[in-house]
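Please consider the following note on charged side chains and their pairing.

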Amino acid sequence: MVAARAGDGQAYEQLLRELDAWLRRYYARRLPHPAADDARQEALLAIHAKRHTYVASRPFGAWVNAIARYKWVDRIRDASRFSAVSLGEEIPIEDHEDAAISAAALDHLLGRLKPAQESVIRLVKLKGFSIARASGATGQSASLVKINIHRGLKKLATLVS
């Protein structure tokens, strides 16, 4: 580490290779594989970022071990914070199959009417518009809206039976 901090690139590469191997073994005994790999990478990044804090007169192994231990504890904390919750075998959901089939059948039937009849039946009978409001929305007179509703419903009754 001292040589690496002094600018020796080869010494730094050698140091990182040896640390990588040591950290792999360290975390393999303490964490499941994906978490061990993440912790190893985080420890290597931390060692790189904090290399200026290493004091050459102190043991290097203790300094690295402290960083590795802190990253291990961080992983344990993360695992306890984000523990998986198992879902039951079946998740209850509402059944909308009948409503969907009915809506599709209604759309098919309304599509077989004349467009003027279909639009006013949708507005008045399905959306709840008044005759006057449907008249304004479609441009048909109020009496024509009533006639188209009557004729459209009569044709629907014929189609259904």
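**Salt bridges within helices**

1. The side chains of Arg 24 and Asp 20 form a salt bridge, with 3.3 Å from N to O. A salt bridge is here a side-chain nitrogen of Lys or Arg within 4 Å of a carboxyl oxygen of Asp or Glu. By this rule, the count is 8 salt bridges.

2. The model is predicted: local features need pLDDT of at least 70, side-chain atom pairs count only at pLDDT 80 or more, and totals for chains, interfaces and linings use all residues. Residues are numbered from 1 along each chain as its sequence is written, and side-chain values use heavy atoms, leaving out hydrogens and water.

3. Arg 24 and Asp 20 both belong to helix 2 (residues 9-28), where they are 4 residues apart, about one turn of the helix. Helices are DSSP runs (H or I, at least four residues), numbered from the N terminus. Asp 20 is buried at 18% relative accessible area, whereas Arg 24 is partly exposed at 44%. Buried means under 20% relative accessible area, exposed over 50%, and partly exposed in between (1.4 Å probe, protein chains only).

4. A salt bridge also joins the side chains of Arg 40 and Asp 37, at 2.5 Å from N to O. These residues lie 3 apart in helix 3 (residues 33-49), about one helical turn. Arg 40 is buried at 9%; Asp 37 is partly exposed at 23%.

5. Which residues are linked in a network of salt bridges? They are Asp 20, Arg 24, Asp 37 and Arg 40.

6. In helix 6 (residues 115-126), Arg 122 and Glu 118 are 4 residues apart, and their side chains meet in a salt bridge of 3.2 Å, N to O.

Methods:
Helix = DSSP H or I, 4+ residues; strand = E, 2+ residues; numbered from the N terminus.
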